[in-house]
Amino acid sequence: MIHDTAIISPSAKIGSNVSIGPFSIVHANVIIGDGTNIGSHCEIGYPTPLADGLPLKIGADSLIRSHSVFYEGSSFGDKLVTGHRVTVREKTSAGLNFQIGTLCDIQGHCEIGNFVRFHSNVHIGQHSKVGNYVWIFPYVVLTNDPHPPSRIMMGVTIEDYVAIATMSIVLPGVVVKKGALVAAHSSVARDVDPDTVVGGAPAKYLCDTTKIKLKDGSGASAYPWRQHFHRGYPESVVTEWLAEFK
Amino acid sequence: MIHDTAIISPSAKIGSNVSIGPFSIVHANVIIGDGTNIGSHCEIGYPTPLADGLPLKIGADSLIRSHSVFYEGSSFGDKLVTGHRVTVREKTSAGLNFQIGTLCDIQGHCEIGNFVRFHSNVHIGQHSKVGNYVWIFPYVVLTNDPHPPSRIMMGVTIEDYVAIATMSIVLPGVVVKKGALVAAHSSVARDVDPDTVVGGAPAKYLCDTTKIKLKDGSGASAYPWRQHFHRGYPESVVTEWLAEFK
Amino acid sequence: MIHDTAIISPSAKIGSNVSIGPFSIVHANVIIGDGTNIGSHCEIGYPTPLADGLPLKIGADSLIRSHSVFYEGSSFGDKLVTGHRVTVREKTSAGLNFQIGTLCDIQGHCEIGNFVRFHSNVHIGQHSKVGNYVWIFPYVVLTNDPHPPSRIMMGVTIEDYVAIATMSIVLPGVVVKKGALVAAHSSVARDVDPDTVVGGAPAKYLCDTTKIKLKDGSGASAYPWRQHFHRGYPESVVTEWLAEFK
């Protein structure tokens with residue numbers, strides 16, 4: 001399961017049924033859960049003094065695709081799934097079944113909840129806080145420096161069930177509240193109210209999310225999306241969601 | 001021509017005079033045309049059940065640069081050229097001399113014509129249709145989900161000779177018609193008429209493309225670009241273009 | 001210091017105390033200064049006829065992180081530092097202590113001064129000129145083609161101490177003058193006056209940079225940033241800056 005060409009530190013703690021692809025490197029200060037699959041050309045547990053000696057922990061039954069780099073000092077729940085060429089720096093902590101798309105860049109010191117999905121090429125600045133069941137789409141950037149360059153870091157907060165559409169940025173210190181939707185190509189400079197849609201640069205209130213209809217001819221509301229979109233979530237979660245909207 | 005450190009499946013069908021660089025991997029379900037050159041650290045024919053067993057076909061005389069990943073189940077005409085760290089997923093079909101810039105991410109299930117050029121870091125959502133002689137510039141995203149996240153996919157259509165400038169997005173289901181130009185930093189929410197320029201967020205009609213003059217002091221129109229820009233196209237194509245404008 | 005699996009051309013000129021990581025490649029026409037550290041999975045000195053035979057020169061005490069690609073024919077002063085997956089093409093020349101973030105793509109034929117910092121995923125078009133002490137933040141693109149596609153290249157000029165915030169683009173031929181600030185998510189179509197803030201698409205004058213206050217409760221101006229932000233600069237430079245504002 002571990003390819004002949006992979007370079008594995010004898011100090012790494014690797015679970016059972018772990019697979020590691022060709023030309024990948026696993027450093028010493030790493031704990032990998034059972035059943036995890038790491039692709040080719042990865043570097044796992046890249047050492048940095050900024051990790052203060054903390055290990056990299058990857059949960060069980062995870063899939064890390066090729067050319068990805070994970071630093072020491074971060075921690076991921078079970079069933080992490082990544083695309084290719086993902087970078088995650090130190091001191092980030094994520095919950096269950098975090099999905100990180102190809103080319104994503106998580107800069108470290110972030111807190112990320114359960115069942116969060118980042119599509120391709122998302123950039124998460126240091127000190128971002130992301131809740132549960134959040135969706136972030138391609139080329140979104142979460143910023144943190146209010147007057148760059150400076151030493152002041154004001155990470156953004158993205159609450160549960162929020163969706164941030166393609167090529168939007170969230171400015172330092174902003175809170176996007178539960179269930180809100182940020183339209184594509186927006187620049188979010190102020191806090192966003194729960195279950196509202198904002199868009200533009202600077203982003204302004206457009207409507208409540210419930211006003212957006214599903215483009216399937218049903219006439220049903222597209223939001224809250226958890227009413228109708230269940231792919232990839234555990235049955236127990238979906239059951240809870242369906243009960244909420246009965 | 002095939003480096004000692006490359007890992008090549010004995011089932012891969014590799015043409016004559018194919019070169020494969022160090023630390024690259026070629027999986028089983030792959031057909032590579034004669035004279036093709038694959039750089040270092042690539043993964044070619046990455047297996048996925050989503051390919052339904054279809055092979056990856058790379059045409060003759062192609063050049064795939066380092067750290068690129070191609071999935072099973074896609075097909076490319078002759079003279080494909082890529083930059084570094086390109087990702088192409090399953091069930092995409094492209095014509096002759098497709099050029100894909102560094103860091104591009106083609107999500108699969110796309111149809112792409114002949115002589116298409118993507119500059120660096122272009123993201124092509126699933127179910128996009130791109131015609132012939134199209135240009136797409138850096139950080140452009142073609143989207144597909146009208147109310148993310150959902151199961152509904154409305155791929156965009158980009159017709160022949162269209163140019164989409166830097167950091168623009170095309171929203172789900174939009175058709176950008178023949179010869180149109182999308183200005184940089186635009187968000188295209190409605191269909192774009194042939195040979196017109198649109199810009200802004202949301203993008204609006206600015207002028208006909210023929211109104212834009214070449215900044216070379218000649219006073220000539222910059223569009224249709226095929227009147228004056230011929231680098232990299234076969235002589236037969238250029239002859240046809242010149243006849244069109246005589 | 002040079003890993004067993006690295007592939008080093010016997011013609012490469014490699015200084016003393018140079019470290020080269022696993023699965024990296026160093027081509028022939030390369031000069032690497034003393035004390036430089038190159039990570040895993042890199043390709044250094046990628047040959048191209050466009051370099052006209054010029055070597056790649058990397059200064060002393062540099063750090064190039066994993067999966068990076070540098071072409072022949074560019075030159076970097078001492079203490080170059082890169083993130084992961086950086087691409088730099090031919091005929092770019094940079095000064096001392098250039099820092100290039102993860103996923104940056106420098107297209108070649110650029111001139112870059114001393115102590116310049118590019119954050120992650122910055123795209124620098126050919127023929128860009130960047131002064132000293134410049135900051136460019138994630139997903140910024142410096143363009144060059146005024147009517148794409150064409151043969152006309154009008155590189156942009158970014159003067160000393162300029163900061164360009166996240167996801168902005170600078171259009172062809174534009175000059176951003178000394179100490180200016182481009183707000184996030186802007187499209188800069190005209191020259192920007194020294195020590196002014198511009199923002200929007202197209203970017204317009206917003207205020208002088210001195211009007212922006214530091215969000216640390218001090219009431220001090222955030223700009224010129226060299227008054228208060230000194231991390232990573234040599235003591236001699238900081239001393240000069242402090243004298244300027246006494």
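Two strands pair if DSSP finds at least two bridges between them. With that in hand, here are some close-ups of this predicted model.

**View 1. A hairpin in chain C, built from strands E29 and E30.** Strand E29(C) covers residues 196-199, and strand E30(C) covers residues 204-208. Between the strands lie 4 residues, and Gly200(C) in the turn has a positive phi of about 100°.

**View 2. Strand E29(C) and its parallel partner, E27(C).** Strand E27(C), residues 181-182, runs parallel to E29(C) and is joined to it by 2 bridges. Look for Leu181(C), whose bridge partner is Val197(C). In a regular strand, side chains alternate between the two faces of the sheet. Both faces of E29(C) are covered here: Thr196(C) and Val198(C) are buried on one side, Val197(C) and Gly199(C) on the other.

**View 3. The contact between chains B and A.** Chain B brings 41 residues to the contact and chain A brings 37. Together they bury about 2800 Å², with 67% of it on carbon and sulfur atoms. On the chain B side, His147(B), Pro148(B) and Pro149(B) lose the most area to chain A, together 22% of what that side buries. Strands E7(B) (43-46) and E10(B) (69-71) each give two or more residues to this side. The interface has 0 salt bridges by the rule used, but 15 residue pairs are in polar contact.

**View 4. Chain B laid on chain C.** A turn of 120° with a shift of 0.0 Å along the axis superposes the two at an RMSD of 0.0 Å. The copies are therefore related as by a three-fold rotation axis.

Notes. Residues numbered from 1 in each chain as written. Chains lettered and ligands numbered in written order. Predicted model: local features only at pLDDT ≥ 70, side-chain atom pairs only at ≥ 80, totals over all residues. Heavy atoms only, no water. Buried < 20%, exposed > 50% of the residue type's maximum accessible area, 1.4 Å probe, protein only. Least-squares fit on C-alpha atoms with pLDDT ≥ 70 in both. Contact = heavy atoms within 4.5 Å. Buried area = accessible area lost by both parts, 1.4 Å probe. Salt bridge = Lys/Arg side-chain N within 4 Å of Asp/Glu carboxyl O. Polar contact = N/O pair within 3.5 Å; in protein donor to acceptor, adjacent residues only side chain to side chain.
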